[in-house]
Amino acid sequence: MTEHLMTISLCMIVKNEEQTLARCLDSVADLMDEIIIVDTGSTDQTKTIATRYTDRIYTFEWMDDFAAARNESFDKATCSYIMWLDADDVLLEPDRERLRSLKQRLSKHIDAVVMPLHLAEGELLFTSRRIRLVKRDQQYRWEGRLHEDLVIPQGQIVHSEVAVTHRRMQDHTLRNQRILARWISESGKLEGRLLYFHANECFDRKEYAEAAEAFDHLLEEPSGYREDRITACARSAECYLHLGKPEQQLDRLLRSFRYGVPQADLCCMIGDWFFTRNEWNTAAYWYERATEQQHHLPGMRPVPLPCYSWLPHVRLSHCFAHMGKLEASYEHNQAALRYLPDDPHLLDNERKLMKVIPNHSSTARSSK
């Protein structure tokens, strides 16, 4: 006897999303058993668009608290599982099929599903992972007025390759600054995740001196999320790059190793530090470490996709060319071409290397 097919409620909170809501719902509506829209004060055609997909539309008074709004949407759900999306999210066709397959495999033993989140602006730039699907009867809750998180204290969590692609259409910087300022004021102290969010807001505004100071204060706290600290190291290092302080930049990058195994993006950043100083051997060492870590999940923090695909191979090709190791340079150029087969610079490098490595002239394209 087969297990009963699990049902999924899609829960969304929206406000003035007339530009993106239909695109989002068109990509998932046929895969959902229920669609719940909680509107927090739209003044455009958002609600009208939503009525084309569901009659489960609710109004929630906005109180500068994303967790409160998301919890309200979850409270309206009636299906076995809850999936959440933002209006500027979309599932591409391959991920639609993966979600269809996942839905058939869902069982009552699975409490939560983690999915990749791809951040795209024209092309895919960053990736992270988020808890995207949860069992309703576990009554998991959101926490945090801004940059909210689903709290999963226990349960069976599985990882899926169903990727959600986020194509941001609006700039919410001023809104986020307002919410964060109010949150900090009411909290009366700037520490922990509040300090982390404050540092990130400064970083996004390119206030590098203030951001670096905030990230450094976070790193001096006795405890905190490991992934926040790795991100703090990376962003603090970028701040010091902009501030013209290279020694502090390298120090923060190396400090990230206190919080876990070296990850591909950090290794690339260290490699770049030596690359810009023409220290080819040392740079190559770190880019090689990046290639070794490319297939390891970076966790929930956002990471630049090039560091987990073509970038370290491009850098290694240049390093080995400068070191006179043309065979190795060619091999890494070919590895980069597997990710970017039409890139004109890589194709030009291939032609140049083929001229000086005759044995590869007849087999260059077949090796890719």
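**Figure 1. A loop residue, Gln139, in a predicted model.** Gln139 is found in the loop between β7 (123-135) and β8 (141-143), where helices (H or I, at least four residues) and strands (E, at least two) are DSSP runs numbered from the N terminus. The structure is a predicted model, in which local features need pLDDT of at least 70 and side-chain atom pairs count only at pLDDT 80 or more, while totals for chains, interfaces and linings use all residues. Residues are numbered from 1 along each chain as its sequence is written, and side-chain values use heavy atoms, with hydrogens and water left out. Although Gln139 is not a glycine, it has a positive phi of about 55°. With a relative accessible area of 63%, Gln139 is exposed; here buried means under 20% relative accessible area, exposed over 50%, and partly exposed in between, with a 1.4 Å probe and protein chains only. A positive phi, of about 60°, is also found at Asn278, again not a glycine, and Asn278 has its place in the loop between α10 (264-275) and α11 (280-293).

**Figure 2. The whole protein and two of its residues.** The protein has 14 helices and 12 strands, and its C-alpha atoms fill a box of roughly 65 × 55 × 40 Å, taken along the principal axes. Of its 368 residues, 50% count as buried. Ile179, whose place is in helix α5 (residues 173-187), is buried, with a relative accessible area of 1%. The C-alpha atoms of Ile179 and Glu327 are separated by 55 Å, and these residues are 148 residues apart along the chain.

**Figure 3. Helix α4 and its two sides.** Helix α4 (residues 93-105) has 13 residues and reaches 19 Å from its first C-alpha to its last, close to the 18 Å expected at 1.5 Å a residue; the expected span is 1.5 Å times one less than the number of residues. Which residues of α4 are buried? They are Asp95, Arg96, Leu99, Leu102 and Lys103. Seen down the axis of α4, its buried residues fall within an arc of 120°, so they line one face of the helix, the arc being that of the directions from the helix axis to the C-beta atoms. On the other side of α4, Gln104 and Arg105 are exposed.

Figure 4. Helix α6 has 13 residues and spans 19 Å from its first C-alpha to its last, close to the 18 Å expected at 1.5 Å a residue. This helix is mostly covered, as 10 of its 13 residues are buried, among them Leu194, Leu195, His198 and Cys202. The structure holds 12 aromatic pairs, where rings of Phe, Tyr and Trp (its six-membered ring) pair if their centres lie within 6.5 Å, and where planes under 30 degrees apart count as stacked, over 60 as edge-to-face and the rest as tilted. Tyr196 and Phe197 form a tilted pair, with 6.0 Å centre to centre and 50° between the planes. Tyr196 counts as buried at 9% relative accessibility, and Phe197 is buried with a relative accessible area of 5%. The rings of Phe203 and Phe215 have their centres 6.5 Å apart and their planes at 70°, so this pair is edge-to-face. Phe203 lies in helix α6 (residues 192-204) and Phe215 in helix α7 (residues 208-220), so the pair ties together parts that are 12 residues apart in sequence. Both partners count as buried, Phe203 at 11% relative accessibility and Phe215 at 0%.

**Figure 5. An aromatic cluster and charges over rings.** Phe74, Trp84 and Trp142 form one aromatic cluster. Arg70 lies over the face of Trp142, at 5.2 Å from the ring centre, while the charged end of Lys76 sits over the ring of Tyr58, 4.7 Å from its centre. A charge sits over a ring if NZ of Lys or CZ of Arg is within 6 Å of the ring centre and within 35 degrees of the ring normal.

Figure 6. Rolling a probe the size of a water molecule over the atoms shows where empty space is left. On a 1 Å grid over the protein atoms alone, a cavity is a set of points where a 1.4 Å probe fits but cannot get out, and lining residues have an atom within 4 Å of a point. By this rule the count comes to 1 cavity of 30 Å³ or more. The largest cavity has a volume of about 40 Å³, a volume being the space filled by probe spheres set on the grid points, which are joined across faces, edges and corners. Its lining is made by Ile230, Ser256, Phe257, Gly260, Val261, Pro262, Gln263, Leu266 and Arg301.

Methods
On a 1 Å grid over the protein atoms alone, a cavity is a set of points where a 1.4 Å probe fits but cannot get out, and a pocket is an open set with protein on both sides within 12 Å along at least five of seven lines; lining residues have an atom within 4 Å of a point.
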